[in-house]
Amino acid sequence: MKQGVALQQDFTKRLAKLKLVADQLPAAIIVHRAADLHVVYMNQPALDALGIESNQIRELNGDTHQSSFYMAAERLDYLQQIRCLIKNNTDDLVCYFQQIRNQRSKTWVLFVSNTKVFCRNASGEVSHIITTSNNLEQVQHFSPKIIRMVDEMSFLQANNPLFLKLTKREKEVLRCIALGMNSGEISSRLFISPATVDTHRRNLRSKLCLKNNYDTVRFAQAYNLV
């Protein structure tokens, strides 16, 4: 019992020291409880990034509310990495990109985040983790690779509702078109008639608002079809 109290005091001291400087640091900082990923602290830059006040932090502690702040598909991926970090009890750093929705502006912004162990319990298991996040759109000097990545993330965010409307067959036809195949070649590849291929082409142009072949290739590349 005494050891548990001592560890709690150790965490409290660590958090108190962090709070002394956290608002002056050039990053959003969040501390989570490892057991359930409950948010126990956010600095002011983190609150500003989300567009909330400190008394709204509890809204971050539930899947229903989480989806309002973080993109669901991305969150599943990096949460899996974070849970592996906790389970394996290592000092590794988990790095990932995440799109965060500001509740005031209702816009999605791309952040690069890093998560690691912040504190351990009496058994040496992870009790708390800490995450730092930086807004990529505020970085003044992007490399061409980063610029392309930001553009692609914006493209995915804007067009995901359209892409999700495609059938499996339409995605297959989209891939073939992006690879430069004509209707006859697509017909042979997918074992469908040329007339059916042409119907899929029209549907794709309508559903995705495609204007030219460049648009087709961009969609296929963005969604890893080619």
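Let's start inside: the largest nonpolar core has 28 residues, and Met42, Leu50, Leu60, Tyr70, Ile82 and Ile86 have the most contacts inside it. A nonpolar core here is a set of buried Ala, Val, Leu, Ile, Met, Phe, Trp, Tyr and Cys residues joined through side-chain atoms within 4.5 Å, where buried means under 20% relative accessible area, exposed over 50%, and partly exposed in between (1.4 Å probe, protein chains only). At least two residues of this core come from each of β1, β2 (38-42), α2 (44-50), α4 (72-88), β3 (94-101), β4 (108-120) and β5 (126-135). The largest share, five residues, is supplied by α4. There is also a second, separate core of 22 residues, with Phe163, Cys176, Leu190 and Val197 among them.

Keep in mind that this is a predicted model, in which local features need pLDDT of at least 70, side-chain atom pairs count only at pLDDT 80 or more, and totals for chains, interfaces and linings use all residues. Residues are numbered from 1 along each chain as its sequence is written, and side-chain values use heavy atoms, with hydrogens and water left out.

Zoom out for a moment. The chain has nine helices and five strands, taken as DSSP runs numbered from the N terminus (helices H or I, at least four residues; strands E, at least two). Of its 226 residues, 40% are buried.

Apart from neighbours within four places in sequence, methionine 42 is in contact (heavy atoms within 4.5 Å) with Ile29, Ile30, Leu47, Leu50, Ile57 and Leu60.

Now follow β1 (28-33). Five of its six residues are buried, so β1 is largely enclosed by the rest of the structure. Strands count as paired if DSSP finds at least two bridges between them. β1 runs antiparallel to β5 over six bridges, with isoleucine 30 opposite threonine 131. β1 also pairs with β2, again antiparallel, over four bridges; there, histidine 32 has valine 39 as its bridge partner. Four residues lie between the strands of the β1 and β2 hairpin, where leucine 37 takes a positive phi near 55°.

Leucine 25 counts as partly exposed because its relative accessibility is 34%.
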